[in-house]
Amino acid sequence: MAKSKPSVARSYLLVHKANAAKINKITSVLTEFQMACKTVQAQQMRVFVQDGEKFWNRRGLQPFQTRLSERYKRSVQNQVVMGLSSWLELSKTAIRSIIAKSSLPSEVKADLWWLNRSGAHYAKEATLPAWEYLPNGTRLATPERRAAPQETLDLLRAIMKHVRKHQVNVPKLWQSRTMMLDGTVAQVERSKTTEHDLWVRVSTLEKGSPVWVPLKTNRFFNEAAGELSNFAQVSILDDNSIKVRLVKKSVPAPAKTDGIDISLDWGLRSTFATDFGDQLGRSLYPWLRQIDKQLTSLTSELQRKRIPLKSNGRYQRFQQRIRDYVKNEINRIINRLLRIYDIKSITVESLDFRNGGLSRRMNRILSRAGRAAIQSKLASIAETRGVTTHKVNPAYTSQQCSGCGYTAKNNRNNLHFKCRFCGKRLNADTSGSRTIAMRRSHGHVDLYVSRQAILQRLDGEFENRWGLSFSDVKEAHCRTKERRGKTLRPTTDGLACAPSAQQTGLMDELP
Ligand SMILES: [Zn+2]
């Protein structure tokens with residue numbers, strides 16, 4: 001097995017005991033740090049856009065006016081490159097989806113795909129592999145190379161321009177009030193007097209006069225896996241108090257090879273439904289609905305007074321509260337699932353929230369918060385437990401029958417799913433997660449395919465299987481005899497009759 005590097009980094013907030021004078025010295029670094037961030041970001045972006053080169057944290061900096069030491073400037077450059085790289089990754093994902101949904105010839109798509117992946121968004125020239133097609137249609141990259149056509153490069157650049165403007169804005173890294181300080185400016189040391197406590201020595205604007213910040217560790221931090229990094233994350237809050245986080249790095253857990261595959265869907269009544277029939281997290285939606293009323297009255301009050309929502313502290317705190325609640329709830333539910341089942345992998349649709357009864361604004365906040373929370377939770381359990389994640393395209397998961405594959409709008413009636421072809425009846429949420437499981441097991445991931453194309457494929461598969469087209473069924477369905485299939489019916493406690501769930505005592509709270 002290949003030796004893996006400690007690549008999982010987790011940060012921990014520790015209580016510090018710095019006095020006001022020390023805090024002052026540290027906060028005075030922030031303005032210089034932010035100004036340097038702005039200059040360094042401009043330099044990195046210039047090289048990226050004008051010369052088509054990659055972001056790089058070892059690049060020699062053009063001289064600029066600053067009170068920061070050379071070592072501090074290196075920390076600035078590391079932070080900038082980290083921030084820009086993560087922006088680029090998000091942009092690549094957005095671009096990939098635009099390419100997939102476009103009507104370009106498949107050869108051009110393949111070229112764009114390759115160039116996007118290699119980060120050639122502003123390259124003046126690039127090489128591409130010559131493509132080879134197998135009889136079954138699979139495309140292979142041959143070792144042979146050719147120059148990328150100029151119009152393809154121009155096209156990629158134009159897509160990038162669109163994405164920067166409308167989808168993933170370039171972050172203003174200099175607005176961050178967090179300084180990621182490398183060991184050269186923030187040395188972490190063990191305390192000599194008390195066994196567990198730590199010191200971090202932070203360099204200041206005054207040469208040769210660092211500040212020693214005592215840190216109190218806690219059980220959670222001490223017991224967390226990984227090795228302590230010589231690195232400190234110092235955040236300066238609006239009231240000029242500081243927060244210090246330290247980082248532990250560990251080796252990622254190897255991917256699990258045993259255990260079950262489980263599929264999750266966002267529920268209408270519960271936060272998650274699994275393909276085993278569990279419905280978990282029933283308190284989230286009632287809570288959201290209640291909060292939604294308060295949110296709606298607050299926003300209409302602010303709009304009446306013409307106060308922009310963005311600058312309103314109350315509104316911002318409200319949003320934060322919702323985000324925190326959703327995150328907590330998602331973490332809690334996934335932790336619970338991991339305790340109950342021995343899970344090898346989790347399949348999710350690419351997160352489409354369709355809960356009714358919430359305002360559009362609330363739905364938007366929920367979607368963003370939910371997506372972010374579940375992504376970070378899944379990433380974290382992949383690293384710490386080796387549980388892998390699969391995503392499938394969410395199109396028509398709520399309308400497709402997990403039994404026979406028939407897809408129609410009238411299969412679903414609010415909380416109930418009843419197939420108009422085979423008569424299968426299920427709780428609508430359970431049906432959705434079973435369809436997700438089915439797509440995963442058939443290898444239909446199709447993440448970057450349009451809804452239209454998905455529907456065509458589903459109809460085609462149905463026709464192949466049953467010899468009937470969608471319209472045949474639609475016309476005849478009033479005459480179709482309904483067969484009652486064996487179905488799982490959730491009980492009042494939200495638990496399916498699946499024995500595995502009951503034996504393990506899976507219980508969810510009641511609303
Ligand atoms: Zn069916």
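Helices (H or I, at least four residues) and strands (E, at least two) are DSSP runs, numbered from the N terminus. Residues are numbered from 1 along each chain as its sequence is written. You're looking at a predicted model, where local features need pLDDT of at least 70, side-chain atom pairs count only at pLDDT 80 or more, and totals for chains, interfaces and linings use all residues.

**Exercise 1.** Find how many helices and strands the chain has.

Solution. Count the helices to get twelve, then the strands to get 17.

**Exercise 2.** Work out which helix has the lowest mean pLDDT among the elements, and which the highest.

Solution. Start with the term: pLDDT is the predictor's confidence in each residue, from 0 to 100. The chain averages 84, and 88% of the residues score at least 70. Next, look at residues 478-511, where pLDDT stays under 50.

**Exercise 3.** Trace the order of the strands in the five-stranded open sheet.

Solution. Two strands pair if DSSP finds at least two bridges between them. The edges are β12 (279-280) and β14 (388-392), each of which pairs on one side only. Now zoom in: β10 (residues 260-266) and β13 (residues 343-349) run parallel over five bridges. Here D261 stands opposite S345 in β13.

Technical notes: Two residues are in contact if their C-beta atoms, placed from the backbone, lie within 7 Å.
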